[in-house]
Amino acid sequence: MRVHEPLQHPEADNRLSELTLLYQFSKTMLSTIRLNKLTHLILTAITTPSSNLFERAILFMRNEKSNVLQGMLGVTRQLSEGLQIVGGRDALGSRWDISDEIISRQRSAEFCLQVRLTRIEIDTACPMIHQIVSERSVCHSDDDVCRKCQTCHFVGHLCTGSFAAAPLVARETAIGVIVVDNPDSGREISNDNLHFLQLFANQAGMAIENSMLYNRIEDAHLNLRDARERLLHGERLAAIGEMAANLAHELKNPLITIGGFAGRLLKSLPAETRERRYADTIVSEVGRLEKMLAEILAFSRKPTICFTSCDLEEIIRDCLSSCAATFEDHNIKISFSSESPPWMVSGDAHQLKQVFLNLILNSCDAMPEGGELALTLEKVSSGKKTVIVSIEDTGGGIPKEMLPQIFKPFFTTKHHGTGLGLAIANRIILNHFGSIEACNKERGVVFTIMLPLLE
Ligand SMILES: Nc1ncnc2c1ncn2[C@@H]1O[C@H](COP(=O)(O)OP(=O)(O)O)[C@@H](O)[C@H]1O
Ligand SMILES: [Mg+2]
């Protein structure tokens, strides 16, 4: 192993063609932004027959967090033919390009696949790797010891004969390494070649860094555009929401009037007549619309909470008695267990009642043929004083893919649903510094609400 020292007396002709090549490389790299294409161009440029530099090249990129060199790409001379010259008429005016077809052929070649499976842990690697990465110097190895070395078995696997490696430097750190060798001809790597590799790797390092920065800027730009669109969408939704709330408010009063008169008509009409059936339909449909409007208004209203100390058990018993008729109609058996009362919480009793009513009525909807509804109040066993209310039904549960959606506003699977019940419940519970979640059990779904208890 020896560290390359700059040449003292380069020949003028060689220098000129070297400089021309470098100029062409730099033009090529500066005009290529996409990282993937850039890495293919870099390796193809130093292995292509026309540049006659090396027969194979490997690119490792360094992951600074894990301090690992990860094999990214390997290109052999057979697959580097087809580099196209585009742009100006002479060497100085033109740059190189590569087709997508060659890129995909290079990527799927066996050699490249082997390279991509190669990782070198820098911390435990041999002194040569340390020298390349830490001291950022080009290294050349032609001894057998290196090939038998266990720490970088990539050399034994991938390289034959002598090889050279140069760091890709950007911001004064090695961001990667290029390894080159000549396995077909077995040709020695000359000092001139090493010198060129160093110059080339410096340019390649900067080009890769630029491309990565460009990609990051592009990602940031896309994120910004998404955020702006979400904001605009949010504003539009807010406007629609305000309109819906106004509409609901305007509709509420005439609806109450219609419902009231239809109720009076219903009472005055003789049973079993067609007119009475019509009035009956009007009354029940008006009831449904009123409920819907109430939910829309509750959802769109700015939440104001009147915090008082209230007894959760009392609120739940209140809800159960309001729903007694529904339970009877649906043939639903209720069980309620309250471990160690009282369950005092700081909250708005009216809003908390709305939460439990929404959950209980959802369970009733899920059990049209009857079933069991179990409500439990219990304390969290450890930590802060918290009450857990669980409401479990036997309505068959919620399909797994729907579970993440149910608390979103307007998500409903019901013909006449608003999809607002759980969104409102969620908001109320969050405003009470609690949490609400749903999960499926064997026979149905269980909603679990946690609320902080008053000391
Ligand atoms: N206990 C339950 N069992 C089965 N599905 C439920 C239950 N509770 C809620 N869901 C599902 O969640 C959806 C949203 O409920 P919700 O927000 O109250 O709106 P809505 O009742 O108007 O549909 C329901 O349409 C239903 O699909
Ligand atoms: Mg509901």
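I looked up Glu-313 first: setting aside neighbours within four places in sequence, it touches Phe-336, Ser-338, Pro-341, Trp-343 and Leu-377, a contact being heavy atoms within 4.5 Å. Glu-313 sits in helix H10; helices (H or I, at least four residues) and strands (E, at least two) are DSSP runs, numbered from the N terminus. Glu-313 counts as buried because its relative accessibility is 13%; buried means under 20% relative accessible area, exposed over 50%, partly exposed in between (1.4 Å probe, protein chains only).

I noted the ground rules. The model is predicted, so local features need pLDDT of at least 70 and side-chain atom pairs count only at pLDDT 80 or more, while totals for chains, interfaces and linings use all residues. Residues are numbered from 1 along each chain as its sequence is written, chains are lettered from A and ligands numbered from 1 in the order written, and side-chain values use heavy atoms, with hydrogens and water left out.

I then turned to the nonpolar cores, sets of buried Ala, Val, Leu, Ile, Met, Phe, Trp, Tyr and Cys residues joined through side-chain atoms within 4.5 Å. The largest has 42 residues, and Leu-312, Leu-352 and Phe-356 have the most contacts inside it. Helix H12 (349-366) is among the elements that each supply at least two of its residues, and H12 gives the most, with six. I checked Leu-312: beyond its neighbours within four places in sequence, its contacts include Trp-343, Leu-352, Phe-356 and Leu-451. A second, separate core of 40 residues includes Leu-22, Leu-38, Leu-43 and Leu-197.

Next I looked at ligand 1. It is surrounded by 19 residues, the closest being Asn-362, Thr-412, Thr-413, Lys-414 and Leu-422; the cut-off is a heavy atom within 4 Å. A polar side-chain atom of Thr-412 is 2.5 Å from an oxygen atom of ligand 1. A nitrogen atom of ligand 1 lies 2.8 Å from an N or O atom in the side chain of Asp-393.

Last, I counted salt bridges (a side-chain nitrogen of Lys or Arg within 4 Å of a carboxyl oxygen of Asp or Glu); the structure holds eleven. Glu-218 pairs with Arg-34, the closest N and O atoms being 3.2 Å apart. This pair joins distant parts of the chain, 184 residues apart, with Glu-218 in helix H8 (residues 191-268). Glu-101 and Arg-105 form another, at 3.0 Å, N to O; both lie in helix H3 (residues 100-108), about one turn apart.

Technical notes: A polar contact is a pair of N or O atoms within 3.5 Å; within protein, one must be able to donate a hydrogen and the other to accept it, and residues adjacent in sequence count only if both atoms are side-chain atoms.
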